[in-house]
Amino acid sequence: SCSIFLLAMTYRDFGIISLVLSFFFFSSLLAQTENGFRPDIQKIDNIFFELNENLKRQQGIGKPYDIALARLKLDQFNKAIIVLEGVGHDTLYVDLVNRIGSIHLFLKNYDIAEGYFQNGILEATSLGNLQALAFSKSNLGACYEKKRNYLKALQYQNESLLLYNELKDTAGVSIVNENIGSIYEDLEDFSLAQQYFEKALAYHGEERNARLANILNNLGDVYRKTGDLKKALVYTEESLAIAQFIGNRKEEVSAYRDLSKNYNLLKDFEAAFNMLRLSSELEEENNNIYNANQASALQRIYDTKEKSS
């Protein structure tokens, strides 16, 4: 059960997760420098002070749900979930389980993430929360894909897709179709991969964001692997344009790299070299920004701990 899984973790484990979560919170604020913005450190301090004072008030009142919610606003997912362990589980509890699972999935701790999402499925089923259930199943499928258990990955993604269709959640339908396309691409069934990526694109809508850039990049990748280099070029260039428009350097690097592969197959070696050079330069720049933000974020965590004390 969820309780057994969480209680089996040591307090040291919770401390590590808390540090990681704090890092994500501050690094996300500091990462704005990537797009030319400087974070307002005083504003961050004020927000932290207000949220921390709210937590103290709720602790004084003593209602577990409100204390957990206050901790959630501070991105203290692990401490929030401990508060709710002793009381009846609800939607907030499932949300916390899924959030922690998502962090472990991001960190490539697939076995740990799998445990959280399995518990998320149990809790969401018990509550009849179809939205949370669809999310848990899709992410559990993602864990299995990363572990190359493609049969289970497809099983959970398809179950999630049925739920999102029932909920008429187009964003969820788009995400899961892309996930299924990714599985078939891993299996080198490019025809099916293409079909699911096209469905993901159709359900995505017109919003230009990182996920749209990724879907287009996946379509370009499939067309390149099946030898339709002209179509591949169209989709990958569109992905690059969106990545540049929204300032997403990760997707931009990916597009440049794929364009290099495409031009190489077209035997336009000069263009292939230029795309590869741009990809390498941007990736190096990204790493420098990331390292600078990491150092700044860790300093902010230390300062925050001092303020909290």
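Predicted model: local features only at pLDDT ≥ 70, side-chain atom pairs only at ≥ 80, totals over all residues.

I looked up α10 (residues 170–186) against α12 (residues 210–225): they pack at an angle of about 30°, and their axes are 11 Å apart. Angles under 35 degrees count as roughly parallel, so I put α10 down as roughly parallel to α12. The crossing of α10 past α12 is left-handed.

From α10 I get Ala171, Ser174, Ile175, Glu178 and Glu185. From α12 come Arg211, Asn214, Ile215, Asn218, Asp221, Val222 and Lys225. Sorted by type, the residues of this α10–α12 contact are four nonpolar, three polar and five charged.

Then the core. Which residues touch the most other members of the largest nonpolar core? I found Leu105, Phe117, Leu140, Ile180, Tyr184 and Leu219, out of 41 residues in that core. The elements giving two or more residues to this core are α6 (91–106), α7 (110–127), α8 (130–146), α9 (150–167), α10, α11 (190–204), α12 and α13 (229–246).

I clicked on Phe117 to see its neighbours. Leaving out residues up to four places away in sequence, Phe117 touches Asn98, Gly101, Ser102, Leu105, Phe135, Ser136, Asn139, Leu140 and Cys143. There is also a second, separate core of 11 residues, with Val253, Tyr263, Met275 and Leu282 among them.

Is Ser279 buried or exposed? Ser279 sits in helix α15 (residues 269–308). Its relative accessibility is 2%, and the cut-off for buried is under 20%, so I logged Ser279 as buried. Beyond residues up to four places away in sequence, Ser279 touches Val253, Tyr256 and Arg257.

Backbone check. Most residues other than glycine have a negative phi, so I went looking for exceptions. Arg148 is not a glycine, yet has a positive phi of about 65°. Arg148 lies in the loop between α8 and α9 and is exposed, with a relative accessible area of 67%. Glu188 has a phi near 60°, again positive in a residue other than glycine. I found Glu188 in the loop between α10 and α11, exposed at a relative accessible area of 59%.

Last, the whole chain. I count 15 helices and zero strands. Of the 309 residues, 46% count as buried. Among contacts with a separation of 6 or more, 54% are between residues 24 or more positions apart.

Technical notes:
Residues numbered from 1 in each chain as written. Heavy atoms only, no water. Axes fitted to C-alpha atoms, helices over the stretch in contact; angles between N-to-C directions. Helix = DSSP H or I, 4+ residues; strand = E, 2+ residues; numbered from the N terminus. Parallel < 35°, antiparallel > 145°, perpendicular 65-115°, else oblique. Left-handed = near helix turned anticlockwise from the far one by under 90°. Contact = heavy atoms within 4.5 Å. Nonpolar A, V, L, I, M, F, W, Y, C, P; charged D, E, K, R; others polar. Core = buried A, V, L, I, M, F, W, Y, C linked by side-chain atoms within 4.5 Å. Buried < 20%, exposed > 50% of the residue type's maximum accessible area, 1.4 Å probe, protein only.
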